[in-house]
Amino acid sequence: MANLNTWFLKHDLCAGNILYIYRNDHKTVICRTDGEEFSLFAPVHDVFSVLPEGEFLNISKGIAVNRSQIVNIGNDGVYTMSDGRTFQGRKRGLSSHRRLRMEIGLSDTKPRPMSMSL
């Protein structure tokens with residue numbers, strides 16, 4: 001863990017400037033809010049374990065996203081990040097996605113039917 005914390009400091013990485021973490025070509029890739037990406041051989045769960053609890057969401061095996069950087073969660077489990085990148089999360093029921101949207105402060109984008117009563 002100490003080596004991972006040192007690596008984070010060396011690359012100016014902290015929970016506030018990380019968009020998401022994913023696996024690519026047997027490496028863990030960390031994408032910063034400025035678009036710069038850093039690769040390392042540590043497993044995602046090791047990287048995930050040094051980040052503050054509750055700020056990141058493990059949406060599927062090998063993918064963790066910063067909760068504050070999610071702009072939309074589709075009913076089909078597609079997470080859209082602030083930079084426009086999308087990730088397919090675990091398949092959840094509609095109610096689970098709605099609950100997660102409310103939990104992180106996203107409004108439900110589905111238009112509500114208008115009432116016919118006067």
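## A bridge between two strands

Y79 has F87 of strand β8 as its bridge partner. Two strands are taken as paired if DSSP finds at least two bridges between them. Strands are DSSP runs of E with at least two residues, helices are runs of H or I with at least four residues, and both are numbered from the N terminus.

This is a predicted model, in which local features need pLDDT of at least 70 and side-chain atom pairs count only at pLDDT 80 or more, while totals for chains, interfaces and linings use all residues. Residues are numbered from 1 along each chain as its sequence is written, and side-chain values use heavy atoms, with hydrogens and water left out.

## Overall make-up

The protein contains three helices and eight strands. Along the sequence these elements follow the pattern α-β-β-β-α-β-β-β-β-β-α.

Of the 118 residues in the protein, 38% are buried. Buried means under 20% relative accessible area, exposed means over 50%, and partly exposed lies in between, with a 1.4 Å probe and protein chains only. The accessible surface of the protein is about 7,500 Å², and carbon and sulfur atoms hold 53% of that surface. These areas come from the Shrake-Rupley method with a 1.4 Å probe; for residues, only the protein chains shown count as cover. Among the contacts in the protein with a separation of 6 or more, 38% are between residues 24 or more positions apart; a contact means heavy atoms within 4.5 Å.

## The three-stranded sheet

Strands β6, β7 and β8 form an open sheet in the order β6-β7-β8, with antiparallel pairing. The edges are β6 (70-73) and β8 (86-88); each has a single partner strand, so one side of each is left without a neighbour in the sheet. Neighbouring strands in this sheet are turned by 25° against each other on average, direction ignored. For such angles, axes are lines fitted to C-alpha atoms, for helices over the stretch in contact, and the angles run from 0 to 180 degrees between N-to-C directions.

In general, strands of a sheet pair through backbone hydrogen bonds, either parallel or antiparallel.

## The five-stranded sheet

The other sheet described here is also open: five strands stand in the order β3-β2-β1-β5-β4, and their pairing is antiparallel. Its edge strands are β3 (37-40) and β4 (56-60), each pairing on one side only.

β4 is joined to strand β5 (residues 63-66) by four bridges, and the two run antiparallel. N58 stands opposite A64 in β5.

## Salt bridges

The structure has three salt bridges, each being a side-chain nitrogen of Lys or Arg within 4 Å of a carboxyl oxygen of Asp or Glu. R32, D34 and E36 are linked in a network of them. The side chains of R32 and D34 meet at 2.9 Å, N to O, and the closest N and O atoms of E36 and R32 are 2.7 Å apart. R32 is buried, with a relative accessible area of 9%. D34 is exposed at 52% relative accessibility, and E36 is partly exposed at 39%.

R67 and E103 also form a salt bridge through their side chains, at 2.1 Å from N to O. R67 lies in the loop between β5 and β6 and E103 in helix α3 (residues 94-103), so the pair ties together parts that are 36 residues apart in sequence. R67 is buried, with a relative accessible area of 17%, whereas E103 is exposed at 54% relative accessibility.

## Positive phi angles in two loops

Most residues other than glycine have a negative phi, and most peptide bonds are trans. D12 is not a glycine, yet its phi is positive, about 55°. D12 sits in the loop between α1 (2-10) and β1 (18-24) and is exposed, with a relative accessible area of 53%.

D25 likewise has a positive phi, about 50°, although D25 is not a glycine. D25 is found in the loop between β1 and β2 (27-32). With a relative accessible area of 65%, D25 is exposed.
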